[in-house]
Amino acid sequence: MNSPKRFECAVLTGATGGLGQVLARQLAPICDRMVLTGRKTEILYSLCDQLASTQVSVVVGDIKHAATGLALVHQVQALGGCDLVIHNAGVNSFQHFESQSAQTIANLLQINLVAPMLLSQQLWAVRRSLVEVQMVFIG
């Protein structure tokens, strides 16, 4: 049986949600380093404690804010790039489409589409010499 692929460095957005926490725990054994990002400080640092076998860095913030993306890119740059990016951060609205405000729709698009695309572009630029980079978008 083949052993799972190992990653030098994985980035996981939305790490503080339920699925994000499960993904972080599942990824830790196959990653040398991880960068976790999310809005909930306490949960991020609790995950760090749980993933003690892997070098884990955190960036606290919302990916819709440019400062969070910039901090994440700087962290990845300091680690020499990343070869796995999982965009798990996202929001939804449980209203009928016709009753959603323009602001709600704009916010959904910013967080679920625009922010991950811009972050991917920035992370691609700092991939360094890594031959293969995998990007996963969860929506």
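Two residues are in contact here when they have heavy atoms within 4.5 Å of each other. Leaving aside residues up to four places away in sequence, T37 touches L12, T13, G14, A15, L44, V59, G61, I63, T68 and L72. T37 is buried, with a relative accessible area of 0%. Buried stands for under 20% relative accessible area, exposed for over 50%, and partly exposed for what lies in between (1.4 Å probe, protein chains only).

A word on the model before we go on. It is a predicted one, in which local features need pLDDT of at least 70 and side-chain atom pairs count only at pLDDT 80 or more, while totals for chains, interfaces and linings use all residues. Residues are numbered from 1 along each chain as its sequence is written, and side-chain values use heavy atoms, with hydrogens and water left out.

Among the contacts of T37 are T68 and L72, and both are buried residues of helix α3, so let us turn to that helix. Helix α3 covers residues 66-78, 13 residues in total, and reaches 18 Å from its first C-alpha to its last, close to the 18 Å expected at 1.5 Å a residue (the expected span is 1.5 Å times one less than the number of residues). Its buried residues are T68, G69, L72, V73 and V76. Seen down the axis of α3, these buried residues fall within an arc of 135 degrees, so they line one face of the helix; the arc is that of the directions from the helix axis to the C-beta atoms. The cover over them includes β1 (7-13), β2 (31-38), β3 (55-60) and α4 (102-125). On the other side of α3, A66, A67 and A78 are exposed. Just after the helix, G80 takes a positive phi of about 90 degrees.

How many disulfides does the structure hold? The structure holds 0, a disulfide being a pair of cysteine sulfur atoms within 2.5 Å. The sulfur of C82 has its closest cysteine sulfur in C9, 5.5 Å away, too far for a bond. For C31 the closest cysteine sulfur is also in C9, at 7.9 Å, again too far for a bond. C82 is buried at 1% relative accessibility, and C31 is buried at 2%.

Charged pairs come last. Side chains of opposite charge can pair when their charged atoms come close. A search of the whole structure finds 2 salt bridges, each a side-chain nitrogen of Lys or Arg within 4 Å of a carboxyl oxygen of Asp or Glu. R6 pairs with D32, the closest N and O atoms being 2.8 Å apart. This pair links the segment before β1, where R6 sits, to strand β2, which holds D32, 26 residues apart. R6 is partly exposed at 43% relative accessibility, as is D32 at 37%. R39 pairs with D62, with 3.9 Å between the closest N and O atoms. Here R39 lies in the loop between β2 and α2 (41-50) and D62 in the loop between β3 and α3, 23 residues apart. R39 is exposed, with a relative accessible area of 55%, whereas D62 is buried, at 14%.

Key. Helix = DSSP H or I, 4+ residues; strand = E, 2+ residues; numbered from the N terminus.
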